Amino acid sequence: MDKDRKEGIKGMANPGRYGIERVAYWLMRITGLGLLFYFIGHIYETSSLLDGKAAWDSMLELTQTTEGHIFLALVIGMCVFHTGNGIRLMVAQAGFGFGKARRPDYPYTPSSLNMKNKLCIYVSIGLAALAMMYGLSVMFHV
Amino acid sequence: MTKDGALPKGFERPTVSASPNDSSVQEKYEEVKSSSKTITLRISKFNPEKDLRTAFHAFTVPYQRWTTVLDAILEVKSHQDHSIGVRYSCRQATCGSCGMIINGKPRLACFTKISELDSDVVTVEPMNNFPLIRDLAVGFERMFSTHKRIKPYVIREDSETNPGTKEFLQSPEDVEKYIQFASCIKCGLCNSACPTMTTDSTFIGPQGLAQAYRYVADNRDQGKDERLRIIDEPHGIWRCHFAGSCSQVCPKGVDPAMGIQLLRGYLLGYRK
Ligand code: HEM
Ligand code: SF4
Ligand code: FES
C-alpha cells in the first residue's frame with residue numbers, strides 16, 4: 001500500500017465515505033455473492049430429492065430451526081434488494097434517467113447522483129426490510 | 001461589498017497605514033496571526049527511496065476563514081518543515097495538481113477551506129490508487145497515458161487548417177452536449193475514489209472514460225467507432241459498477257459516472 005497507494009480489496013469493500021450510492025454498490029456485491037452461494041447450496045439441497053422422500057425431508061429440517069429461519073429471511077432480503085437495485089442499475093447503465101448534460105454551475109450537483117437513483121436505492125432497501133419482516137412473521141408464526 | 005463600499009462583516013482587511021519598515025506593520029501582522037484559530041495538520045510523510053512506511057507528522061497551523069488546506073501545507077513547508085513533498089501550481093482549482101486525501105476523502109487542497117472541514121484535526125495523505133512519488137505527490141504517468149489512449153481530440157478527415165476549409169460551426173445546443181465533460185482538469189480525484197481502481201490498475205478509469213464521452217458527444221468528431229472500440233475491452237467501460245464515487249468527488253462538476261453510463265448507451269445501441 002505504502003508505495004503504490006492501491007487501496008485493494010479493503011478500499012473496495014469499504015461502503016463508507018462516498019454516500020448512499022457507494023453503499024448500494026457494496027450491498028449489490030454482497031447480495032450478489034450471497035445469492036450465488038445460496039443458489040449453489042439450493043441446487044445441492046434440491047438434488048437430495050433424487051435420494052427419495054426421506055432424504056428430502058431431512059434436508060428441509062435444516063431450515064426448520066431459529067437459525068434456519070433467520071438465514072432464509074436474509075436470503076429473502078438479499079433477493080429483494082438485489083432485484084430492486086439490479087433493475088435500477090440496468091436502466092441507469094443503459095444511459096437512461098440522467099436528463100441532459102449541461103454546463104456545470106457551482107455548487108455542482110451531479111445528475112448521476114440524482115434523487116431518482118437515491119430514491120430507488122432507499123426503496124430497494126425498504127422493500128427488502130419489509131419482505132424480511134414478513135418472511136420472519138410467517139416463519140415464526142407471529 | 002456593501003452599499004457604502006465597505007467589505008461585509010468578517011471580510012474586513014486589517015487597515016495598515018504605514019511604511020513597510022514601520023514596526024506597527026509587524027505588530028499588526030502578529031495581532032492578526034495571534035487572533036486566528038489553529039488546527040492540527042497531520043501530514044503523511046513517506047519517501048519510497050528512504051522510508052519503510054508512512055509516518056504522520058503533526059503541525060499546529062493558524063488559519064482564517066479563507067485559509068485553504070494548500071495554504072496550511074505551504075505555511076508548514078515555509079516555516080516548520082521544508083522537506084514536505086507537495087505538488088501544486090495554480091492555487092485556483094484549474095491545473096489539477098494538488099489532489100490529495102483530506103480527512104479521508106479525495107479533494108483539491110487549493111479548493112478546500114480548513115473552515116469547511118469542521119474539524120480541529122486535518123489529515124492529508126496522498127491520493128489512493130496512484131503510485132507515490134513522495135509525501136503528498138503521486139505519479140500521473142499512467143492516468144495521462146490512458147487519457148491519451150482514448151484519443152482526446154476531435155478526429156476528422158478534413159481539417160480546419162486545410163486551405164479553403166471553414167471553421168466547424170456548432171450551435172450552443174451542440175456545445176451544451178459535451179461542455180460539462182470538457183471541464184475536466186485531470187486532477188485524478190475520480191480515479192482515486194473509484195472502487196474498481198482499488199484493485200484494477202489497468203482499468204481505464206472514470207477520468208479516461210468521461211473524456212471518451214466528451215469527444216463522442218462532440219458533433220464535430222468522427223472518431224466515435226474508434227473510441228468505442230478502445231473502451232470496449234476487459235479493463236474498459238464494463239468494469240464500471242456505477243458506484244458514483246467519481247462524481248461525488250469531482251471538483252469541477254464533470255460527473256464522470258453520467259458520462260460512462262451515456263457512453264454505454266452507445267455501445268448497447270440505445271444511442272446513435
Ligand atoms: C431478477 C433478479 C436479478 C436481477 C435484476 C439482477 C441484476 C444484477 C445486476 C444489474 C448486476 C450488476 C451489478 C453491477 O453492475 O455492479 C448483478 C450482479 C450480480 N448478480 Fe444479479 N440479478 C438478479 C438475480 C441474481 C441471482 C438469483 C444471483 C445468484 C444466483 C445473482 C448473482 C449476482 C452476482 C454474483 C453479481 C455480481 C456482483 C458484483 O460483481 O457486484 N443475481 N445482478
Ligand atoms: S473528471 Fe473531475 S475528478 Fe476526474 S480528473 Fe476530471 S476534474 Fe478531476
Ligand atoms: S493548485 Fe491547481 S488545482 Fe490546486
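This is a predicted model: local features need pLDDT of at least 70, side-chain atom pairs count only at pLDDT 80 or more; totals for chains, interfaces and linings use all residues.
A nitrogen atom of ligand 1 sits 2.8 Å from an N or O atom in the side chain of A:His82, which I count as a polar contact, meaning a pair of N or O atoms within 3.5 Å, where within protein one must be able to donate a hydrogen and the other to accept it, and residues adjacent in sequence count only if both atoms are side-chain atoms. Residues are numbered from 1 along each chain as its sequence is written, chains are lettered from A and ligands numbered from 1 in the order in which they are written, and side-chain values use heavy atoms, with hydrogens and water left out.

A:His82 belongs to helix α4 of chain A, residues 66–92; helices (H or I, at least four residues) and strands (E, at least two) are DSSP runs, numbered from the N terminus.

Two further side chains reach oxygen atoms of ligand 1: a polar side-chain atom of A:Arg29 at 2.8 Å, and an N or O atom of A:Gln93 at 3.4 Å.

What surrounds ligand 1 as a whole? There are 14 residues, with A:Arg29, A:Gly32, A:His82, A:Gln93 and B:His241 the closest, and a residue counts if one of its heavy atoms lies within 4 Å. Because these residues come from chains A and B, the site is shared between chains. The largest share, seven residues, is from α2(A).

Turning to ligand 2, we find 13 residues around it, the closest being B:Cys184, B:Cys187, B:Gly188, B:Cys190 and B:Cys250.

Which residues lie closest to the centre of the largest pocket? The pocket has a volume of about 590 Å³, and of its 23 lining residues, B:Phe111, B:Gln248, B:Val249, B:Cys250 and B:Pro251 are closest to the centre. A pocket here is an open set of points on a 1 Å grid over the protein atoms alone, where a 1.4 Å probe fits, with protein on both sides within 12 Å along at least five of seven lines, and lining residues have an atom within 4 Å of a point; the volume is the space filled by probe spheres set on the points, which are joined across faces, edges and corners. β4(B) gives the largest share of the lining, four residues.
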